[in-house]
Amino acid sequence: MSESEAPEAAPTFLREAPASGRVEAVSPLIRRLVCPNSGPFTQSGTCTYLVGHGRVAVIDPGPDHPAHRAALLSALDGETIEAILVTHTHRDHSPGARPLAAATGAPILGCGPHRPARAVRGAEQGRLDAAGDADHRPDRELSEGESVAGPGWTLTALATPGHTMNHLAFSLLEEDTLFSGDHVMAWSTSIVAPPDGSMGAYMASLDKLRGRSESIYWPGHGGPVREPQRFVRGLLSHRRARETGIVERVASGERTIPGLVAALYSGLDPMLRPAAALSVFAHLEDLVERGRVVTDGLPALDSEYRPG
């Protein structure tokens with residue numbers, strides 16, 4: 001955004017929670033089946049999308065959840081899965097790909113193996129292991145611009161690193177639609193948690209989406225993102241406002257991440273404080289890299305931060 005552009009208003013998040021366990025046709029080419037793995041980070045559950053009819057693509061089969069897999073196979077009785085596409089390797093998105101492939105013979109395509117945004121330090125390994133699906137190995141990793149096609153549908157990979165460094169979105173040409181995974185969701189901001197993710201990469205990926213033309217996004221959790229270009233501009237403004245708040249609090253004397261979380265997230269559900277701390281940490285890593293904030297040694301959750 002240039003200095004002459006007015007900042008977009010922060011996005012209005014829509015708390016629509018699609019019901020789990022039910023196949024729903026959401027467009028002529030798209031059916032949605034939500035896994036019953038609801039929670040504070042998954043809303044009503046992971047959205048699995050079935051694209052096409054007869055010979056279909058399955059996007060994000062979710063966790064290794066036998067009931068969800070049974071519902072998926074029942075919904076596709078008499079049809080053939082041409083490809084299983086995975087947006088990223090968090091445990092609520094990719095582990096279900098392997099048993100689905102074993103049951104159907106369909107290839108697993110999409111994002112590559114799980115990898116951190118930077119070198120993992122000390123106790124961070126446990127957090128990375130808890131979130132990431134280290135066993136994911138696609139039959140074919142898709143690069144930017146590569147497409148998979150079936151009767152009446154074409155899905156093209158778009159690299160959107162940040163939430164995870166291997167994150168992909170998939171554009172459906174025939175319906176001017178983007179499957180945005182966890183990069184952009186209508187119900188909540190996406191968590192960016194080092195060393196798994198990178199705030200700098202996440203912001204660059206949001207900026208990349210601003211110039212695209214898709215008219216609707218179908219995300220990994222929650223309902224659709226309508227007016228997506230406006231929504232993405234709002235997400236960028238929201239993140240920049242959070243960054244400004246962090247810089248101002250550090251300048252006023254707040255030195256620690258717990259203090260910043262308490263100041264910036266008034267009334268936050270205690271269950272979400274660890275996620276907020278990781279989000280603030282992601283911003284601080286980016287701010288240290290850009291010289292706007294400084295710390296002794298490498299940035300860490302327990303570091304003290306000072307104005308740059």
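**Salt bridges and a buried alanine**

Reader: How does Arg290 count by relative accessibility?
Author: The model is predicted: local features need pLDDT of at least 70, side-chain atom pairs count only at pLDDT 80 or more, and totals for chains, interfaces and linings use all residues. Residues are numbered from 1 along each chain as its sequence is written, and side-chain values use heavy atoms, leaving out hydrogens and water. Buried means under 20% relative accessible area, exposed over 50%, partly exposed in between (1.4 Å probe, protein chains only). Arg290 has 43%, so the label is partly exposed.

Reader: Which residue forms a salt bridge with Arg290?
Author: A salt bridge needs a side-chain nitrogen of Lys or Arg within 4 Å of a carboxyl oxygen of Asp or Glu. For Arg290, the closest N and O atoms are 2.7 Å apart, and the partner is Glu243.

Reader: Where do the two partners, Arg290 and Glu243, sit?
Author: They are 47 residues apart, in distant parts of the chain. Helices (H or I, at least four residues) and strands (E, at least two) are DSSP runs, numbered from the N terminus. Arg290 is in the loop between α7 (273-289) and β14 (293-295), and Glu243 is in helix α5 (residues 228-251).

Reader: Which residues does Ala97 touch, beyond four places away in sequence?
Author: Ala97 lies in helix α2 (residues 97-104). Its relative accessible area is 0%, so Ala97 is buried. Contact means heavy atoms within 4.5 Å. The residues touched are Pro61, Ile84, Val86 and Ile108.
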